Protein chains: 2
Amino acid sequence: MTETQTRPEPKAAPDDRKVLKVALLGCGTVGSQVARILLEDGEALAARSGARIELAGIAVRNPDAKRDVELPSELFTADAEALVDSADLVVELMGGIEPARSLILRAVRKGASVVTGNKALLAQDGPALFEEADRNNAELSFEAAVAGAIPIIRPIRESLSGDRITRVLGIVNGTTNYILDQMDSTGAQFADALAEAQRLGYAEADPTADVEGHDAAAKAALLATLAFHTPVSLDDVRCQGITKVSADDIAAAKDSGLVIKLLAIAELVKTSDGYEGTSVRVHPTLLPREHPLAAVRGAYNAVFVEAENAGQLMFYGAGAGGRPTASAVMGDLVSTARRVVAGAPGRTDTATRKLPMVGVDAIITSYSIGLEVADQPGVLSRVAAVFADHGVSIEAMRQTIDGGAPGAGDGRAELRFVTHPASEKALAETVADINNLDVVESVTSVLRVEGV
Amino acid sequence: MTETQTRPEPKAAPDDRKVLKVALLGCGTVGSQVARILLEDGEALAARSGARIELAGIAVRNPDAKRDVELPSELFTADAEALVDSADLVVELMGGIEPARSLILRAVRKGASVVTGNKALLAQDGPALFEEADRNNAELSFEAAVAGAIPIIRPIRESLSGDRITRVLGIVNGTTNYILDQMDSTGAQFADALAEAQRLGYAEADPTADVEGHDAAAKAALLATLAFHTPVSLDDVRCQGITKVSADDIAAAKDSGLVIKLLAIAELVKTSDGYEGTSVRVHPTLLPREHPLAAVRGAYNAVFVEAENAGQLMFYGAGAGGRPTASAVMGDLVSTARRVVAGAPGRTDTATRKLPMVGVDAIITSYSIGLEVADQPGVLSRVAAVFADHGVSIEAMRQTIDGGAPGAGDGRAELRFVTHPASEKALAETVADINNLDVVESVTSVLRVEGV
């Protein structure tokens, strides 16, 4: 379609559409694409929004630096505050906490609506920023903060606003999905798959934020806040990364018709006194290969939502990258412009109640547990007895003996158990006691299993 | 989660939220669920919308008929017009053209915003209704009209409003997806799979609207209108159903790593003079099994969207059913209520330009063609010559001889060709000429193939 042109419209009446000046803060991978789209697609954006959306300037630390996209040099400025003060709409794509936070507050306090993709800032200070925006009749939108191009924030906030969301499961970090997918398809160890991801540009030189799950945790906090209408911050999210997932774990999962994905999970659960609470966490999770999320390959993202009336929904697409993320920013910008033209910016009012975060007892899932044990009679029965002592029921067991038949190997065997649903507390106690058995060399893995 | 209760909030200040009276028109599978949710979830809906959304009444033909859900009898009325006149918001779930059309016009002309799920009406009269709503500062929303619970209308209208959608491929009819999926997994013929679908309630006693593709065509018209910002009506949609898809077609597809789906397809294509045009059609389509849509099983729906910046996106979920469709209606209702509270209903203004519909020449796809031919030497070369005459290049060929080895059977063989991309015109001419060859008994199937 690249050579195709839109037929010019017959000359319309002189353009009396409102002009909205946009301040763009930051000009990295995403920001430079937003600038390009604003400069190239002005006519279409005006037709769809009812306003002429003009790029007033781009604030960057160094106005003379080289950019991904060629842009007119006169747009650049180092004075972000002056640019914000001159604008009707602000697009914040600097990332990080400061000066992004101060500049967003400066904008909304003068009534300018803001579009941001800053998940770290929102996961830390979202509720305070939302409140300040509402108080000043400004809109704060952030589709780009979770899962790149995938429309997920708006569907949760609007399309599902008349339903009751009970669970959100998201593959929201492309780097870790790429690594796990590589391990699954090639049998590679984590370190090798990570090196490959770094070589291909899917992982940063310092991959900590991705592989330890911190990036996914920020997105989980945002998704939970919106899905359950309750403030959830990064500190509320229990987080475990994928660095300890081994090629053996992946192979054992495969043998059982499962796949390992790093999931951001937000659930409504029952508190100990019987009321609603929420649990928000990020961890490697075993999923049946029939689960819609199991088919999400490479660096793609997907968010699976369960709601009381809608049932199961899934949203799938590119989770990162300059152009996809810029698409999400532009969607927010056009939607905001429409409402500014209509004279009524939307409210952010995400949190209408305060749900308690539940303790480990309330999280009931199945588990897969891998053990290295002495290859001798009676081991299985002793291990099984520990499960029974803690009321944890075993659904399946598989034994692999190093070197082949019993007694033929190096004296060690591997046991893999899948449990029926159990509380995290009961499971942790079971694992601790198993670890203390003299016939157990080590607990090699403990992974949660989600059903379809 | 059924036993879980939301903890009562501390008593708030006296409720000064605006009251919005809702007129519900129709009380079938979806309408009765909408009534139930309005009656049960008032508190949550008020918290999320900022208004008390009150069910003022339900207009039905026979107020005394038995309903799926038990509802207070005093809500029912046969006087739809009086109910509309008394309401702030109208939910139209009667279906059909009249009186739905007149009642929607009556509502928007007095400035009442409307939520509808009436795809037949919108595919016929959408642009006129949208214009009338905008002129009267009323909002007309219709998430429930396409793909049930799946948020697809709002993502296209808002989330992708700053992008350029180039293609939409939708599995938007659950009945036909169920039938094709059954044929694929059991090897059943169409008639048997249809009978099974009817037995299970997935297909109507008169299945014409589903199996002939008419239902999907109405949705295709709506999706194209929104995706390309141009008016597209049902008459613009070329439509072919699944009644001629045979168990042989399905088996041959399987052998080639393909699956047959009934797709609603809307594409931007180049017109003969090099400008943008659009093609909108519904037909059975061969898809590679790796395509995200290939994994959509049973009666589920999914819509796959390609946009210039966002790349490939997919939206998946329940495409029908009372509760899922009611979830979509409620999302529209809460979103509309928020804007009514803010004093600025959204505009529907979907069509900002008029793209030409392109002729068959502009539609370039691969094809799969099945032939029954005489089992004798030289047949393949004669058939291949016809392809060559029309400039249609063959990508793959597979021959199956009835009864086993050449010469051993009943004197007939089956040939299946997959072509490289070709225009529909060239293909139609090729098929006509092949059909005239004396060695060809019949052309058993012609199916389009979409790539990943």
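Of the 452 residues in chain A, 52% are buried (20 or more other C-beta atoms within 10 Å of the residue's own, with C-beta atoms placed from the backbone). This is a predicted model: local features need pLDDT of at least 70, side-chain atom pairs count only at pLDDT 80 or more, and totals for chains, interfaces and linings use all residues. Residues are numbered from 1 along each chain as its sequence is written, while chains are lettered from A and ligands numbered from 1 in the order in which they are written.

**Overall build.** Chain A has 14 helices and 17 strands. These are DSSP runs, numbered from the N terminus: helices are H or I with at least four residues, strands are E with at least two. Along the principal axes, the C-alpha atoms of chain A fill a box of roughly 90 × 50 × 40 Å. Take the contacts in chain A with a separation of 6 or more: 75% of them link residues 24 or more positions apart. A contact here needs C-beta atoms, placed from the backbone, within 7 Å.

**Domains.** Chain A carries three assigned domains, listed below. The bounds come from an automatic or database domain assignment.

| Domain of chain A | Residues |
|---|---|
| Domain 1 | 18–149 + 324–342 |
| Domain 2 | 153–318 |
| Domain 3 | 363–449 |

**Domain 2 against domain 3.** Over C-alpha atoms, the centres of domain 2 and domain 3 of chain A are 26 Å apart. Their contact takes 12 residues from domain 2 and 10 residues from domain 3. On the domain 2 side, helix 11 (247–255), strand 9 (258–270) and strand 10 (276–288) of chain A each supply at least two residues. Strand 10 of chain A gives the largest share, five residues. This side divides into five nonpolar, five polar and two charged residues. Nonpolar means Ala, Val, Leu, Ile, Met, Phe, Trp, Tyr, Cys and Pro; charged means Asp, Glu, Lys and Arg; the others, Gly among them, are polar.

**Chain B against chain A.** Here 58 residues of chain B are in contact with 58 residues of chain A. Elements of chain B that give two or more residues to this side include helix 2 (42–49), helix 6 (153–159) and strand 9 (258–270). Helix 12 of chain B provides the largest share, 12 residues. The chain B side holds 28 nonpolar, 18 polar and 12 charged residues.

Strand 12 (residues 311–318) of chain A runs antiparallel to strand 12 of chain B, joined by three bridges. Pairing requires at least two bridges found by DSSP. In this pair, A:Met314 stands opposite B:Tyr316.

Notes
Contact = placed C-beta atoms within 7 Å. Buried ≥ 20, exposed ≤ 12 C-beta atoms within 10 Å, placed from the backbone.
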